[in-house]
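Thanks for making the time this morning.

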Amino acid sequence: PAAAPATASTNLKGLSGRLLYSVANNDAKRWEMWEYNFASGSSSKVADWRTELDISRDGKQIAYFAWPGDAGEKAGIWIMDSNLSNNRLVVPGGIYPVFSPGGDRLAANSFNGDIWVFTTAAEGFRELTRGEYPDWSPVSDEIVHRGCSGGNCGLWIIDANSKDPNAKRRLTTGGGDGQPAWSPDGNRIVYISKDDGNFEIYVINKDGSGKQRLTTEAASDGLPTWSPDGKWIAFRSDR
């Protein structure tokens with residue numbers, strides 16, 4: 001969810017603001033970025049071939065992955081302003097970008113499964129650790145990600161400034177755990193898990209306590225993300 005002026009909603013029990021999301025347009029055979037407005041209940045397309053977006057904590061920047069269909073040889077991680085303008089390339093290649101609390105750095109995946117940290121000015125590139133789906137705490141330098149060690153997979157937390165790729169703390173032990181996202185206060189993490197047979201949404205405290213299952217569907221749920229006030233979680237489902 002992107003930051004926006006609060007307005008009364010005609011949908012979804014008073015939710016306001018905007019939701020940016022990706023859509024697979026199977027008829028056109030392309031990915032698209034769309035925006036949903038909670039106040040009006042309307043959706044509008046932002047652009048073609050843009051996915052994996054993240055909003056900076058101050059709501060002023062949006063990072064995303066631009067596919068070759070949109071960016072050609074400059075496919076990679078881009079940033080645009082919150083009004084969806086001033087698009088600029090940060091680095092060719094790379095996927096799943098996420099902002100640091102100050103909005104001046106990014107963590108992202110490389111295509112070979114490494115997590116890197118670098119500035120939004122495309123400087124200070126540093127390989128952090130092996131893993132995928134990184135998410136940077138909104139209040140600290142902790143990065144949660146999915147990772148595997150000796151075949152044992154789950155969620156791990158590592159300091160963004162660490163110079164030791166193995167200096168990380170294990171959070172969960174589920175082999176299917178992934179797609180983690182920090183709550184706005186930095187105290188909880190929402191993620192997906194197959195602990196109960198299929199992908200469902202769970203939350204857990206950052207110290208590993210208080211694990212709670214949020215969805216109970218025969219369908220698969222995934223890609224959870226928090227509202228700015230921490231009261232709601234948006235997610236994808238094939239239910």
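Let me begin with a term: a residue is called buried when its relative accessible area is under 20%, exposed when that area is over 50%, and partly exposed in between. By that rule arginine 213, with a relative accessible area of 32%, is partly exposed. Please keep in mind throughout that this is a predicted model.

Now to the partner of this arginine. The side chain of arginine 213 meets that of glutamate 200 in a salt bridge, with 3.2 Å from N to O. Because arginine 213 belongs to strand 19 (residues 212-213) and glutamate 200 to strand 18 (residues 200-205), the pair ties together parts that are 13 residues apart in sequence. Glutamate 200, for its part, is buried, its relative accessible area being 0%.

Salt bridges also share partners here, and one network formed in this way joins Arg30, Glu32, Lys45 and Asp48. Over the whole structure, the search finds 15 salt bridges. One of them links arginine 50 to aspartate 70, whose closest N and O atoms are 3.2 Å apart. Since arginine 50 lies in strand 4 (residues 50-55) and aspartate 70 in helix 1 (residues 68-71), this pair ties together parts that are 20 residues apart in sequence. Arginine 50 is buried at a relative accessible area of 12%, whereas aspartate 70, at 35%, is partly exposed. Another salt bridge brings together the side chains of arginine 88 and aspartate 81, at 2.8 Å from N to O; arginine 88 is partly exposed with 28% relative accessibility, and aspartate 81 is partly exposed with a relative accessible area of 23%.

Let me turn to the rings. How many aromatic pairs does the count come to? The count is 7 aromatic pairs. Among them, tyrosine 36 and phenylalanine 38 are edge-to-face, with 5.0 Å centre to centre and 85° between the planes, and both of these residues are buried. Phenylalanine 65 and tryptophan 67 also form an edge-to-face pair, at 5.6 Å centre to centre and 65° between the planes. Here phenylalanine 65 is buried at 6% relative accessibility, while tryptophan 67, at 27%, is partly exposed. Trp49, Phe65, Trp67 and Phe111 form one aromatic cluster.

Finally, charges over rings. Lysine 168 lies over the face of tryptophan 156, 5.5 Å from the ring centre, and the charged end of lysine 194 sits over the ring of phenylalanine 199, at 5.2 Å from its centre.

Definitions and conventions. Residues are numbered from 1 along each chain as its sequence is written. This is a predicted model: local features need pLDDT of at least 70, side-chain atom pairs count only at pLDDT 80 or more; totals for chains, interfaces and linings use all residues. Side-chain values use heavy atoms; hydrogens and water are left out. A salt bridge is a side-chain nitrogen of Lys or Arg within 4 Å of a carboxyl oxygen of Asp or Glu. Helices (H or I, at least four residues) and strands (E, at least two) are DSSP runs, numbered from the N terminus. Buried means under 20% relative accessible area, exposed over 50%, partly exposed in between (1.4 Å probe, protein chains only). Rings of Phe, Tyr and Trp (its six-membered ring) pair if their centres lie within 6.5 Å; planes under 30 degrees apart count as stacked, over 60 as edge-to-face and the rest as tilted. A charge sits over a ring if NZ of Lys or CZ of Arg is within 6 Å of the ring centre and within 35 degrees of the ring normal.
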